[in-house]
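Subject: Structure handover

Hello,

Here is the structure we talked about.

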Amino acid sequence: MTDRATSTLLSYTLTLSIAALIVAGVLVSAGGFVDDEIERSARAELEVVGNRIASDVAAVDRLAMADADSTVRLSVALPTHVAGQSYRIEFVDLAGSRASVNLSTTDPAIDVAVTVNLDNSIRETSLSGGDILLMYDGTQLEVARD
Amino acid sequence: MADVGRSTDRGQLLLLAALGMAILFVALALVLNTVIYTENLATRGSEIAGGGESLRYLDTARTGLGHSIEYVNDNNATSHDALVGNLSATVPVWANASRRQLFHRSRSVNVSLVGTTNGTHIDQDAERNFTNESGTANWTLASDVTGTREYAIEVNSTTELESFPASSAFNVTVDDGSTQWRLNVTENGSSIVVGVRDGNGNEATCSAPSAPVWINVTAGTVDGEECDGLTFREGVSTPYEISYFNGHNVTGTYSVIVDNESVATSPGPHLLDDGAGNPHATPAIYSGRISVVYHAPRLFYDAEARAAPGERE
């Protein structure tokens, strides 16, 4: 009669392991859901920030157009983080009087590009996210940390 | 064997799991919060809203300068120095008024006159033939000209005009030494025909039903109607001279401002001094430049604007 009371032990072990499995599954899927949401949020934020930068760059370009020898300085207030992540802003001069504002985060890896039509060329710059200063000094558009 | 019946230790696994999920969702709530903040940025207008306000100010200042130039040219135009002095005194008046107005909206602005181009106002303000002061029909109003503005001719009657087409019709010739732009005025029945032949050889005519006819040469209108093909000095390079030919074949008045100041300082032999009869030459300011500084909380804008009212754009 050495196997007496085995079924109680077995059922207890089984209950515990099934509960652990279910709990682990729920946690993993909730974690995945949160990660997805964070990525979507970061992308949405980068798009907003990118479009805002593009519109301000276009505004400075327009002001510079009114007088080619003018001086323009515009500071743009931007968040330092998107979805809790720091990000980078890169300005790329494209052919055909266009420029691209590229924003990226590393974790999660997201890239967002916003193109803008400009009459002046823009100096290619890469800087980390946060307040920036858009400038025109009579030759080309420039960007610096504010 | 453990006492599975002890109720205080039960459900620990569930508790841990709930705690983990709570932390995850709090983190998610924080992230979504920052998204709300950023999206809020998108709905907020840009600080300079496309640069509209500052550009409008620059444009208003340019218009103000234009009006100031017209005003000083029309009042007390005794010498170029006096004109520049009057303009320098006029600009700060409205510049200061606009500065006070914008000051209340956290904008700091400054307008200052940085330069002027002297010119000459050539004018015939009483009806007569378009001959020079001694009655010569073919003569040059101004030479060595690079800019002409507010050039208006009024033809009062058809009596003197040649019939269309006519080789001896009155004409305005703009000549750069190799190419000519011509505008002639003839009559066709009771209507008046304005013909243009530009420096590229293109010809066009516009007509007005009866005299008097206003021809705005620099604006390209005949009796206020746009005249296709009437584009002043099209195809002619600078500097050029403006001459009248067959000036005896037309009567009326005219007025033009050119950027050659020496015509005003020595008007002879074709023109008279101001007040001595027609046609006469008066000192005038041809154009001016202002420096405009516009300061908003996040924007610094420093630009120059030029005004030459009535100049062909």
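A definition before the sheet: two strands are taken to pair if DSSP finds at least two bridges between them. Please keep in mind that this is a predicted model.

Sheet. Chain B has an open sheet of six strands, with antiparallel pairing, in the order β2-β11-β4-β5-β6-β7. The edges are β2 (139-145) and β7 (203-208) of chain B; each has a single partner strand, so one side of each has no neighbour in the sheet. From one strand to the next, the twist averages 15 degrees. In chain B, β6 (residues 191-197) pairs with β7(B) in the antiparallel sense over six bridges. Within β7(B), B:Ser207 is the residue opposite B:Val193.

Cores. The largest nonpolar core has 62 residues, of which A:Ile53, A:Ile89, A:Phe91 and A:Ile132 touch the most other members. Helix α1 (residues 6-66) of chain A gives the most to this core, namely twelve residues. Apart from neighbours within four places in sequence, A:Ile132 contacts residues including A:Ile53, A:Leu74, A:Ile89, A:Phe91 and A:Val143. A second, separate core has 39 residues, among them B:Ala142, B:Tyr151, B:Ile153 and B:Phe170.

Helix pair. The axes of α1(A) and helix α2 (residues 52-74) of chain B come within 10 Å and cross at roughly 15 degrees. Angles under 35 degrees count as roughly parallel, and α1(A) and α2(B) are therefore roughly parallel to each other. Their crossing is left-handed. On α1(A) the contact is made by A:Arg62, A:Leu63 and A:Ala66, and on α2(B) by B:Ser54, B:Leu55, B:Leu58 and B:Arg62.

Regards

Methods: Residues numbered from 1 in each chain as written. Chains lettered and ligands numbered in written order. Predicted model: local features only at pLDDT ≥ 70, side-chain atom pairs only at ≥ 80, totals over all residues. Heavy atoms only, no water. Helix = DSSP H or I, 4+ residues; strand = E, 2+ residues; numbered from the N terminus. Axes fitted to C-alpha atoms, helices over the stretch in contact; angles between N-to-C directions. Core = buried A, V, L, I, M, F, W, Y, C linked by side-chain atoms within 4.5 Å. Buried < 20%, exposed > 50% of the residue type's maximum accessible area, 1.4 Å probe, protein only. Contact = heavy atoms within 4.5 Å. Parallel < 35°, antiparallel > 145°, perpendicular 65-115°, else oblique. Left-handed = near helix turned anticlockwise from the far one by under 90°.
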